[in-house]
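Here is a short report on pockets and one local site. Look at the model first, then read on.

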Amino acid sequence: MDPTAREVLAGPPAVARRAAELMVEACASAAGKVAVCLSGGSTPKLLYELLATPRYAGRLPWDRIRWFWGDERFVPPDHPDSNYNMVRRSMLESAHARTSTVHAMATTGISPDESAAEYERMLQGYYGAPTLDASRPLFDVTLLGLGEDGHTASLFPGVAALSEARRWTAAVLGVKPEPRLTLTLPAINASRLVLILVTGTGKRPVLERLERGDDLPVAHVNPTNGRVVWLLDEAAAGH
Ligand code: 6PG
């Protein structure tokens, strides 16, 4: 983990505030459309709720932002485990984000593999090319979390998607009870700014493994033309 791109904040609310400030800055400095790739899980929920409050909602260019997901659980969009559902309820609805700006991964009426391929086509259409150019990131901001096994998005240790070097998306089966959809590392690393939010004492051991140099999935998040900022709270950092 790059120590220069690591901030330790008092607790989850401070992590959310710092992430919100960095997002506002990144969106303001981006010209035209702004691509934000969202993380699932529980950690970023506070951030999403904060972004929808008057203190931040007025500082984000909602009409220019396009919302994408880094991964999704293959459950219906109204399912309590759906990352889309979590973001919709914690931010998009109260911020009145226009539906046309929200690009969720399809999880009904389609197979996981077909949905991954469909999402890749949509991303390539947004990007305007079928291959990524290192000089032109796909995402302006990418939010990631960290699992206790070192996974990020749905790139779990040992899955084939982790070594995918060409495709932008993949379906991940057999790791969790439900199939997962995930961006691959080429897509994640095509980000101008990656914010990795990690809070709670439960994440201390995996952070210590990273510090020791263990080859964990999140250790491969290394934007070609961008930077990573780790936002940890004191509980996770062991302070
Ligand atoms: C998901 C996320 C996943 C998450 C980590 C951490 O769909 O669950 O994309 O990668 O970020 O598992 O989850 P917590 O924030 O709940 O600890």
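## Second largest pocket

Four elements each supply at least two residues of this lining: helix H1 (12–29), helix H5 (112–127), S5 and strand S8 (191–198). H1 gives the most, with four residues. The model is predicted.

The second largest pocket holds about 300 Å³ of space. Its lining has 18 residues. Closest to the centre are Lys33, Pro137, Phe139, Asp140 and Arg192. By class, the lining divides into eleven nonpolar, one polar and six charged residues.

## Largest pocket

The largest pocket has a volume of about 370 Å³. Two elements give two or more residues to its lining: strand S4 (71–73) and strand S5 (139–144). S5 also supplies at least two residues to the lining of the second largest pocket.

In total, 24 residues line the largest pocket. Gly40, Gly41, Arg73, Gly147 and His151 lie nearest its centre. How many of the lining residues are nonpolar, polar and charged? The lining has seven nonpolar, eleven polar and six charged residues.

## Around Ala57

Ala57 sits in helix H3, which covers residues 54–57. Leaving aside residues up to four places away in sequence, Ala57 touches Leu51, Ala52 and Trp62.

How far apart in space are Ala57 and Met91? Their C-alpha atoms are 9.6 Å apart, while the two residues are 34 apart in sequence.

Definitions and conventions. Residues are numbered from 1 along each chain as its sequence is written. This is a predicted model: local features need pLDDT of at least 70, side-chain atom pairs count only at pLDDT 80 or more; totals for chains, interfaces and linings use all residues. Side-chain values use heavy atoms; hydrogens and water are left out. On a 1 Å grid over the protein atoms alone, a cavity is a set of points where a 1.4 Å probe fits but cannot get out, and a pocket is an open set with protein on both sides within 12 Å along at least five of seven lines; lining residues have an atom within 4 Å of a point. Grid points are joined across faces, edges and corners, and a volume is the space filled by probe spheres set on the points. Ala, Val, Leu, Ile, Met, Phe, Trp, Tyr, Cys and Pro count as nonpolar, Asp, Glu, Lys and Arg as charged, and the others, Gly among them, as polar. Contact means heavy atoms within 4.5 Å.
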